[in-house]
Amino acid sequence: MRRRAGVLGVLAILVVLALLVPQLGGDYYVHIFALVFTNVILAASLRPSLTCGQLNIGHSAFMSIGAYTSALLAKNLAVPFELSLLGGAVLATLVGVVIGYPSLRLRGVYFAMVTVAFVEVIRLIAQLWVSLTRGMSGLSGIPKPNLLGMTLTTKASQYYLGLALMLIVLLILWKLEKSRLGLIWKSIGMADNLAQSLGVDIARHKLLAFMLGCFFAGVAGAFYAHFIRFLFPPEFGFLMATNILVYNYVGGRGHFVGAIVGAIFLSLLSEPFRGSPYETIFFSIAMLLTILFLPGGLITLPEKLAGLRRWRAAAPTPSPAA
Amino acid sequence: MPLLETRDLTRHFGGLAAVNHVDLTVEKGEIVGLIGPNGAGKTTCFNLLSGFLRPTAGSIVFDGENITGLRPHQIAARGLVRTFQLTTLFQEMTALQNVLLGLHLHSGTGLRQLLFSRRDFPPDEIARGREALELTGLAAHADQLTKNLPHGHQRVLGIAMALAARPRLLLLDEPVTGMNLDESGRVMDLVKTIRGHGTTILLVEHNMKAVMGTCERIVVLNFGQKLAEGTPDEVSTSRDVIQAYLGTGVNHA
């Protein structure tokens with residue numbers, strides 16, 4: 001119970017800090033942190049699928065679908081943000097069903113390969129369907145988010161929108177993970193044959209987990225589109241898809257917080273390299289270091305350090321003369 | 001009407017007939033043993049019965065219903081539940097959580113129930129889960145992580161999970177393999193207790209002492225075919241069976 005109170009306290013402090021960013025920092029920090037929020041949504045929404053044991057390297061494609069759908073709805077049809085966001089998320093989910101359903105029987109690497117191929121397919125569609133997406137010229141002139149009849153003109157207000165969206169998505173995903181559904185996902189990831197033999201329809205549950213991920217990736221995409229207001233097909237490529245996966249691994253896959261920690265930590269640290277070739281190198285090194293030294297991810301760091309301290313304390317101090 | 005009946009059950013892997021025209025019946029309330037030398041097709045047989053493999057030919061009828069070709073979770077939902085060889089368990093969960101997932105079958109799997117279950121499991125299910133642990137003698141280990149349990153306990157936990165799913169027919173795949181005499185004796189007592197509660201049992205096991213002491217009827221497979229069938233006494237004195245296990249090197253004439 002005390003642990004729970006501690007966690008809630010830390011959470012409250014973080015939220016208050018996040019609320020203060022626009023007041024304390026300038027537009028630069030507002031911009032960076034709003035992008036961190038999208039990355040957190042992306043990382044957390046990959047968890048259901050990952051927990052089911054599916055190596056999904058295609059998440060950026062669903063973000064792309066959400067982003068383009070919402071942007072085009074708002075730009076061409078003047079659809080308000082709350083509806084265009086929903087439209088983007090729903091379309092991402094529907095496409096997710098079309099991709100997920102046939103590939104659900106594939107495991108491990110084979111499933112991963114389908115998702116990788118899919119990222120490329122979506123990127124190429126965005127690139128080649130010039131009449132709709134403007135292709136490699138990029139889609140510009142996306143309206144600012146128009147929410148409940150109000151247009152959020154300032155970066156700060158858009159930042160708060162991103163923060164609110166992130167908190168809502170995290171709450172939903174966390175509740176789901178703590179529910180019986182989450183336990184079933186975990187069971188499928190640990191031993192799918194056993195889960196099946198106990199009556200779990202693993203195909204249905206894998207599809208559901210996958211769809212949930214697609215929906216929230218679509219949400220992240222929609223926010224991104226109206227915040228950055230410029231979409232460029234290669235942004236949603238293989239690199240972003242692997243980054244989302246790396247957030248989860250570096251943060252730690254053992255707990256829900258891992259995805260959040262990983263996304264925040266890596267997004268902030270990689271900020272100087274954004275868009276440069278060093279970005280790939282940075283993420284590769286982060287992944288390697290994690291695998292080598294912290295296989296449980298950053299969330300296991302406190303435990304590791306405590307273990308190290310105990311070990312130090314137990315070891316005899318070397319004499320200075322030696 | 002038998003509880004389980006297979007006719008001409010056949011499964012080919014390429015050119016190999018792993019299970020070949022096997023007719024198997026299990027009556028309600030029996031403990032039946034399925035034995036045979038390595039590679040005789042026992043595990044394939046289990047995989048066919050539980051839906052993890054589709055038969056190449058033949059049919060499986062469970063309690064009057066043809067279940068051939070159904071998927072594993074559908075078969076489990078009909079009351080035919082299996083355990084796995086060695087320790088296929090949810091290692092990162094506690095013993096109780098493992099059993100509660102076994103309960104999953106009977107607690108309703110509707111999406112609405114799944115999404116709006118406020119706590120992981122309602123108290124009555126947790127009580128039932130603890131009951132299953134009590135019955136199997138694991139009550140003291142309910143909140144321990146499965147991976148930290150000793151081997152024998154893990155094997156029994158596998159049985160407890162299957163029990164929680166309230167099977168009418170329980171398929172046990174090598175329940176006492178790797179156990180010492182004391183442990184295997186306790187597991188075999190457990191098997192009899194389970195039968196006493198009204199669950200029919202079909203088990204695969206290499207430990208002959210355990211099989212002979214527990215099963216009322218034994219079916220012997222060899223090279224995918226049924227070699228012999230009968231009481232433990234009949235089977236253990238059958239020439240065919242002795243030949244299958246020991247070979248025919250010595251001329252008895």
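Tutor: In chain A, the axes of helix H8 (residues 180-190) and helix H10 (residues 202-228) approach within 10 Å and cross at roughly 115°. Axes here are lines fitted to C-alpha atoms, for helices over the stretch in contact, and angles run from 0 to 180 degrees between N-to-C directions. H8(A) is therefore roughly perpendicular to H10(A), a class that covers 65 to 115 degrees. The crossing of H8(A) and H10(A) is left-handed, which is to say that the near helix is turned anticlockwise from the far one by less than a right angle. Helices are DSSP runs (H or I, at least four residues), numbered from the N terminus.

This is a predicted model, in which local features need pLDDT of at least 70, side-chain atom pairs count only at pLDDT 80 or more, and totals for chains, interfaces and linings use all residues. Residues are numbered from 1 along each chain as its sequence is written, while chains are lettered from A and ligands numbered from 1 in the order in which they are written.

On the H8(A) side, Ile184(A), Trp185(A) and Ile188(A) meet Ile202(A), His205(A), Lys206(A) and Ala209(A) of H10(A); contact requires C-beta atoms, placed from the backbone, to lie within 7 Å. By class, this contact of H8(A) with H10(A) comprises 5 nonpolar, 1 polar and 1 charged residues. Nonpolar denotes Ala, Val, Leu, Ile, Met, Phe, Trp, Tyr, Cys and Pro, charged denotes Asp, Glu, Lys and Arg, and the others, Gly among them, count as polar.

Note on methods. Helices (H or I, at least four residues) and strands (E, at least two) are DSSP runs, numbered from the N terminus. Angles under 35 degrees count as roughly parallel, over 145 as roughly antiparallel, 65 to 115 as roughly perpendicular and the rest as oblique. Two residues are in contact if their C-beta atoms, placed from the backbone, lie within 7 Å.
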